[in-house]
Amino acid sequence: MAEAQTGALRVKRNFPEMLKGGVIMDVVNAEQARIAEEAGASAVMALERVPADIRAQGGVARMSDPELILAIKEAVTIPVMAKCRIGHFVEAEILQSLGIDCIDESEVLTPADEAYHVNKHQFTIPFVCGARDLGEAMRRIGEGAAMIRSKGEAGTGNIVEAVRHLRAITDGIRKLTIIPEEELMTEAKNLGASYELAREIRELGRLPVVLFCAGGVATPADAALVMRLGADGVFVGSGIFKSADPLRMGKAIVRATTHYQDPAILAEVSRGLGEPMRGVEIKAIPERELMAARGW
Amino acid sequence: MTRIGVLALQGDFREHMRAVERLGAEARAVRLPKDLAGLDGLIIPGGESTVMGKLMVEYQLDQPLRDAIHAGLPTWGTCAGLILLARETDNALLGQPLLAAMDIRVCRNAFGGQRESFETELDVPALGEEPLHTVFIRGPIVESVGPGVEVLARLNSPRLIAATGGFDIVAVRQGTLLGTAFHPEVTDDLRFHEYFLAIAREAGVGVS
């Protein structure tokens, strides 16, 4: 008699495969979660404050109250994700016990450990982790991440950092596929990641997990841009519920993510959306306040 | 050459396209009604059925799809695709637009959330003796089937059947329509894709 196996690597890696071509939206309460589902979100990220507010208010940002997460889980039928602090494996265990679908070990929260990330192999639900370049993505995959996203600079409404990170990841992959065999070990050493994973990526021509874009997406055009640059889907943090008309902006970004190759549809969904969130110039942010620099 | 459309609104459509191409057929991404012309078959992939349903309506793809399926276009839905093909679903989906093509009742997320997602071996007699390794991701279950529907596979783990409240049907066929609660596109075993391609070739409708 065949038995069923839960929580193995294949099952964890296949969850994000089903989210591809879709938009994962940050929500801070059940009402926003319902609006996100109505707008066509493929999943929601449950948190207490969107990154723009975390940035504005300062202080230590932690895992959300389980009560809030469960209320959001009750409100929608689509998958629910939540964030734990980098290295905070107890927060991660709590989130897993709540029965959410995926954990984001996120630099948007204040890191709990400056040296180590969570050992994600020990969990039966998948993790998504941020990365600024291929080496960082590979280290997270090595620790068991089932999904990678660009870090971008969350809460800024400025896409420039996410573009930099996506390009760094895809350039790194391209390099792995074209260098001669004898350079592979040195390249793995330079990337600070495993030789076997470098070989796997070289053979696949892509990461062995799904790659999403996060950090700074504020308009339908931003979403289409990152899809064109090779993202499999999009996280939108502050960009929806900090805009003038969240339902409309949410719908427009969902449509742009599906029809990212069709400028006529992009023009149509971009019309008359009202104010997007107010953006921040990255250079105006003091270096110690940059979220992307958290983690390694 | 046999041309298979894969609904590409959201989900793992690329995996289906890759599988179809590996079997020597042509795969085409379907996002707008114009993409339906000249297809020999259609696959509705895994993903979020609510998202696909909404985008289908928004870009007026729902009625042309219903018409094409009604006219005999062989169609296969995996997971979310199975939900969209079902005539009836559980309450969580009341009000959601469906293609309502197969005479089956489906319950969404029947096993729970991602924590309860699993892989298991299934006997699928239509594909031969060797069991099929299957992956269920927040998968649905078929609760009942009409008289014209053939059951292709049932769960054989008592624990899983108990989790669904006693239901066990996970693969069905009704004429040229196929539905699976699992994702053959994420494994290397392409027997289900071969099976569907054979149905599409035999039907030979070619939507014009």
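Predicted model: local features only at pLDDT ≥ 70, side-chain atom pairs only at ≥ 80, totals over all residues.
Author: Residues are numbered from 1 along each chain as its sequence is written, chains are lettered from A and ligands numbered from 1 in the order in which they are written, and side-chain values use heavy atoms, with hydrogens and water left out.

Reader: How many aromatic pairs are there over all chains, and why is the pair of Phe111(B) and Phe118(B) called edge-to-face?

Author: Rings of Phe, Tyr and Trp (its six-membered ring) pair if their centres lie within 6.5 Å, and planes under 30 degrees apart count as stacked, over 60 as edge-to-face and the rest as tilted. By this rule there are 10 aromatic pairs over all chains. The ring centres of Phe111(B) and Phe118(B) are 4.9 Å apart and their planes stand at 70°, so this pair is edge-to-face. Both Phe111(B) and Phe118(B) are also buried, a word that stands for under 20% relative accessible area, with exposed over 50% and partly exposed in between (1.4 Å probe, protein chains only).

Reader: What makes Phe192(B) and Tyr195(B) an edge-to-face pair, and where do both lie in chain B?

Author: Their ring centres are 6.0 Å apart and their planes are at 85°, so Phe192(B) and Tyr195(B) are edge-to-face. Both lie in helix 6 (residues 191-203) of chain B, three residues apart, about one turn of the helix, where helices (H or I, at least four residues) and strands (E, at least two) are DSSP runs numbered from the N terminus.

Reader: What area do chain B and chain A bury between them?

Author: Buried area is the accessible area (1.4 Å probe) that two parts lose on being put together, summed over both, and here the two chains bury about 3,500 Å², 52% of it on carbon and sulfur atoms. In chain B, Gln114(B), Arg115(B) and Glu119(B) lose the most area to chain A, together 20% of what that side buries.
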